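Trainee: I would like to go through this model with you. Please show me the sequence and the structure.

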Amino acid sequence: MKNNELKAFNDDDIVKLLKSLQVYDDVISGNKNCIYCNEKMSLINIDAILPIDHRVEFSCSDSECHNKLLVRVGG
Ligand SMILES: [Zn+2]
């Protein structure tokens, strides 16, 4: 499994994944930001969930951020 950094989610998957990573509350209360543009993350604009060191970071669905993400994961 090579794609654990970047997955396509449906809404149920996002909620389950965020809860399993213990960041669901942070996201819905607006405490997480896109690593590229610093946009506040919400359930509807999550493009990717990125495990970085021991933290969980997010990128948003903005097209520029998505392109940066693709470069990052080599896709
Ligand atoms: Zn962004």
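This is a predicted model: local features need pLDDT of at least 70, side-chain atom pairs count only at pLDDT 80 or more; totals for chains, interfaces and linings use all residues.

Trainee: In what order do the elements of the protein chain run from the N terminus on?

Mentor: Helices (H or I, at least four residues) and strands (E, at least two) are DSSP runs, numbered from the N terminus. The protein chain has three helices and two strands. Their order is α-α-β-β-α.

Trainee: Which geometry does the site of the zinc ion have?

Mentor: Donors are N, O and S atoms within 2.8 Å of the metal (3.2 Å for Na, K and Ca). Here they are the SG atoms of C34, C37, C60 and C65, at 2.2 to 2.4 Å. Four donors count as tetrahedral if all angles lie between 85 and 135 degrees. The angles among the four donor atoms are 105 to 117°, so the site is tetrahedral.

Trainee: How many residues apart are C37 and C65?

Mentor: The donor spacing is C-x2-C-x22-C-x4-C. C37 sits in the loop between α2 (24-28) and β1 (46-52), and C65 in helix α3 (residues 63-72). The pair links distant parts of the chain, and its separation is 28 residues.

Trainee: Is C65 buried or exposed?

Mentor: Buried means under 20% relative accessible area, exposed over 50%, partly exposed in between (1.4 Å probe, protein chains only). C37, at 39%, is partly exposed. C65 has 2%, so C65 is buried.

Notes:
Residues are numbered from 1 along each chain as its sequence is written. Side-chain values use heavy atoms; hydrogens and water are left out. Four donors count as tetrahedral if all angles lie between 85 and 135 degrees; four count as square planar and six as octahedral if opposite donors are over 155 degrees apart and all others between 65 and 115; anything else is irregular.
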